[in-house]
Amino acid sequence: MSETRTVKVKWQDIFKPIPGFASEVTNRLDIEREVIPIIFVPGIMGSRLKNKSGNKVWDPDDKKFMVENFGLAGVSASERRKLLIG
């Protein structure tokens, strides 16, 4: 019966070189998993949303609005939060 060596690694490190494997033995890779919560909000992606003042804050049909406010057009995270939350 051959020796079994268990090597623990975090899930985000599985594509990096993994130290601890040996030759002439059975190597067992034990991946430490992590729970990542996923929150579903029905209808939000396709819905046009306005804030309490009546200003548009989310309109997936208006490509210019979406790129200017949520794309790579230089809008900071604080500006996005201010637009959506107030």
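The chain contains two helices and four strands, where helices (H or I, at least four residues) and strands (E, at least two) are DSSP runs numbered from the N terminus. Read from the N terminus on, the order of these elements is β-β-β-β-α-α. The model is predicted, so local features need pLDDT of at least 70 and side-chain atom pairs count only at pLDDT 80 or more, while totals for chains, interfaces and linings use all residues. Residues are numbered from 1 along each chain as its sequence is written, and side-chain values use heavy atoms, with hydrogens and water left out.

The accessible surface of the chain is about 7700 Å², and carbon and sulfur atoms account for 57% of that surface. Accessible areas come from the Shrake-Rupley method with a 1.4 Å probe, and for residues only the protein chains shown count as cover. Of the 86 residues in the chain, 10% are buried. A residue is called buried under 20% relative accessible area, exposed over 50%, and partly exposed in between (1.4 Å probe, protein chains only). Among contacts (heavy atoms within 4.5 Å) between residues at least 6 apart in sequence, 10% join residues at least 24 apart.

Val9 belongs to strand S1 (residues 4-10). With a relative accessible area of 9%, Val9 is buried. Apart from its neighbours within four places in sequence, Val9 touches Ile14, Leu29, Asp30, Ile31 and Glu32. For Val9 and Asp30, the separation is 21 residues in sequence and 6.3 Å in space, taken from C-alpha to C-alpha.

A nonpolar surface patch of about 710 Å² is formed by Trp11, Ile14, Phe15, Phe21, Leu29, Ile31 and Ile36. Patches consist of residues with over 30% relative accessible area and no salt bridge; like charges are joined within 9 Å, and nonpolar side chains (Val, Leu, Ile, Met, Phe, Trp, Tyr) within 5 Å. Ile36, one of the patch residues, is located in the loop between strand S2 (26-32) and strand S3 (49-50). Ile36 counts as exposed because its relative accessibility is 55%.

Six salt bridges are counted, each being a side-chain nitrogen of Lys or Arg within 4 Å of a carboxyl oxygen of Asp or Glu. One of them links the side chains of Lys16 and Asp13, with 3.1 Å from N to O. Lys16 is exposed at 51% relative accessibility, whereas Asp13, at 25%, is partly exposed.

Lys56 takes part in a salt bridge with Asp59 (3.7 Å, N to O) and in another with Asp62, where the closest N and O atoms are 2.8 Å apart.

Aromatic pairs, in contrast, number zero in a search of the whole structure. For such a pair, the centres of rings of Phe, Tyr and Trp (its six-membered ring) must lie within 6.5 Å; planes under 30 degrees apart count as stacked, over 60 as edge-to-face and the rest as tilted.
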